[in-house]
Amino acid sequence: MTDNTKTGLILTGGGARAAYQVGVLRAVANLLKSQGWPADKNPFPIICGTSAGAINATGLACSADNFGLGLRRLERVWSSMEAHHIYRADSLAMARSGAKWITLLSVGWMLRRWIRKPPDSLFDNSPLAELLNRMLDFSGLDAGLASGSLDALAITASSYTTGMHLTFYQTLADIEPWVRSQRLAQRDFITVQHLLASSAIPFIFPSIPLNWAGGLEYCGDGSMRQLAPISPAIHLGAKKILIVGAGRMSEAKRALPQQIAYPSIAQIAGHAMSSIFLDSLAVDIERLDRINKTLSLLPEQYRNQSGLRPIETLVIAPSERVDEIASRHIQSLPAPIRVMLGGIGATEARGSALASYLLFEASFTNELMTLGMTDTLAKKDEVLAFFKEDIAALSNQAKSVVNQ
C-alpha cells in the first residue's frame, strides 16, 4: 500500500446499530475479492472507531494480518448476539437498578452522604467487558503494526472530567499528538478499558477512568461532543476514507400524524441519541465536501500553500430508518428489559429509536447486517471506483515480484 492510496476506515457509534457496519464490510470484502484482492489482506491501513464502532474497529485491527479472519469473528459475534452478552438483563439486576434509582431520586437528598455506592448507570455492562476480553487478542494488533498490515488504530472517548473530546491512537509511525479546539489526541496502547469508555452510552452504561497526561479522567461515549469524526483518520495520514454510518444521513420530510401526542421520555431520549450519534457525522462530511470543492477551484500553487489537501470519501449508511427496523424486533428483548423500556414508551413505534441502541439481539443485528450488505452492493460501482488505485497498486506489486 503506497502513501498515495493509503485508505482509512471510520466506524461510527450507535450501540446495537453497529451491526450494520459488519454487513457493509462483508460486502466490501466480497467486492474486493471479485477483483483479485486476497481475502487475508487488510484494505484499511488506518482504522478509526467510536462507541460500538470502536469495538468493531479494534476487532479488525487485532486481525490486521488476516482481515478475513477478523471479519468472520465479528460476524460470529454479531450474528449470535443476545442482550445479556452486553449488559445484565435479568429480573434481579433490573430490580436492583430500579430500586437504587427510585431511592436516590425520591429520598436521595437525605441519604446521599450515607449511600455507599449510588447508581452510576441504568445498566451493568460487566458482561461486555467479559466478551471483549474473550474476543480480542491485542497481540494481533501489535503484530499487525509490526508487519505493516496496519498503520494506526484510533479510538475516541469523551471526558466527563474536563469536557474534552479525546482520541487515543496506537501506531509505530512518527505521528505527533494533535491539539484542536475541544479535541485532543494521545498516543497510547489501546485496551479493553478504552473500548468500554468509548462505548459507554450516557446514563445507560457507567463511565470509565482512563489515563490521560499522567492523570485519570472519567470518560464516556466518544460520540458525545465529537465535532469532527473524520479528523483522526486525516491526522493519521489517510488520503481517502470509507465512512460507515449508523443511521440515515438525510431524512425525507415525514407527514405529521393526525393527532399529535406529547412526546414520551423514550421519544425525547431517542432524539437526543440521534443528535449524539448521527448529526455530527453528517455535518463533518458536509464540511469536508466544501473544503474539497474550494481546493478544486484554487490554482495548484495556492492549493499547495494552503496546507490543506483534498480527501476522497465514500459514505455508506442505512437506506432504511433503523428505528423502524427496531420496532419489529423489540419483542426479542428479555422480558425485564421490555418492561423497563415499556414504562418510558420505548416499545411504541415513536419511541423505538431509543430501543434501537439497546437491541443487542440476533434477530435485529442480523437484519442490520443484511441491510449493510444490500446497501453496499447497491453502490458496487462506487465501491470499486473508490478502491481502484488500491487494486491497481496491489496488481503492480504482484507483477514486480513476478518480474524479479
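## Annotated site

UniProt positions are given in the numbering used here, with feature names shortened, and the annotations may be inferred rather than shown by experiment. The unreviewed UniProt entry places its "active site" annotation on S51 and D221. The model is predicted: local features need pLDDT of at least 70, side-chain atom pairs count only at pLDDT 80 or more, and totals for chains, interfaces and linings use all residues. Residues are numbered from 1 along each chain as its sequence is written, and side-chain values use heavy atoms, leaving out hydrogens and water.

## S51 and D221 in detail

S51 sits in the loop between β2 (46–50) and α2. D221 sits in the loop between β8 (215–220) and α8 (231–235). Helices (H or I, at least four residues) and strands (E, at least two) are DSSP runs, numbered from the N terminus. S51 is buried at 1% relative accessibility, and D221 is buried at 0%. Buried means under 20% relative accessible area, exposed over 50%, and partly exposed in between (1.4 Å probe, protein chains only).

The side chains of D221 and S51 make a polar contact of 2.7 Å. Such a contact is a pair of N or O atoms within 3.5 Å; within protein, one must be able to donate a hydrogen and the other to accept it, and residues adjacent in sequence count only if both atoms are side-chain atoms. Contact in general means heavy atoms within 4.5 Å. Beyond four places in sequence, S51 touches G13, G14, S198, S199, D221, S223 and F277. With the same exclusion, the contacts of D221 include S51, S158, A197, P202 and F277.

## Strand β9

All 5 of the 5 residues of β9 (residues 240–244) are buried, so the strand is largely enclosed by the rest of the structure. K240, L242 and V244 are buried on one side, I241 and I243 on the other.

β9 pairs with β1 (residues 7–11) in the parallel sense, over 5 bridges. Pairing requires at least two DSSP bridges between two strands. L11 stands opposite V244. β9 also runs parallel to β10 (residues 312–316), again joined by 5 bridges. There, K240 stands opposite E312.

## Nonpolar cores

A nonpolar core is a set of buried Ala, Val, Leu, Ile, Met, Phe, Trp, Tyr and Cys residues joined through side-chain atoms within 4.5 Å. The largest has 94 residues, and L242 is among those with the most contacts inside it, as are L9 and F44. Helix α1 (residues 19–34) supplies its largest share, 9 residues. Beyond four places in sequence, L242 is in contact with residues including L9, V28, F44, L314 and F386. Another core, of 20 residues, lies apart; I46, A154, I241 and V315 are among its members.

In α5 (residues 126–135), P127, L128, A129, L131, L132 and M135 are buried. Their cover includes α2 (52–61), α3 (67–79) and α7 (192–198).

Q170 belongs to β4 (residues 165–171). Q170 is buried at 5% relative accessible area. Its side chain makes a polar contact of 3.1 Å with that of D142.
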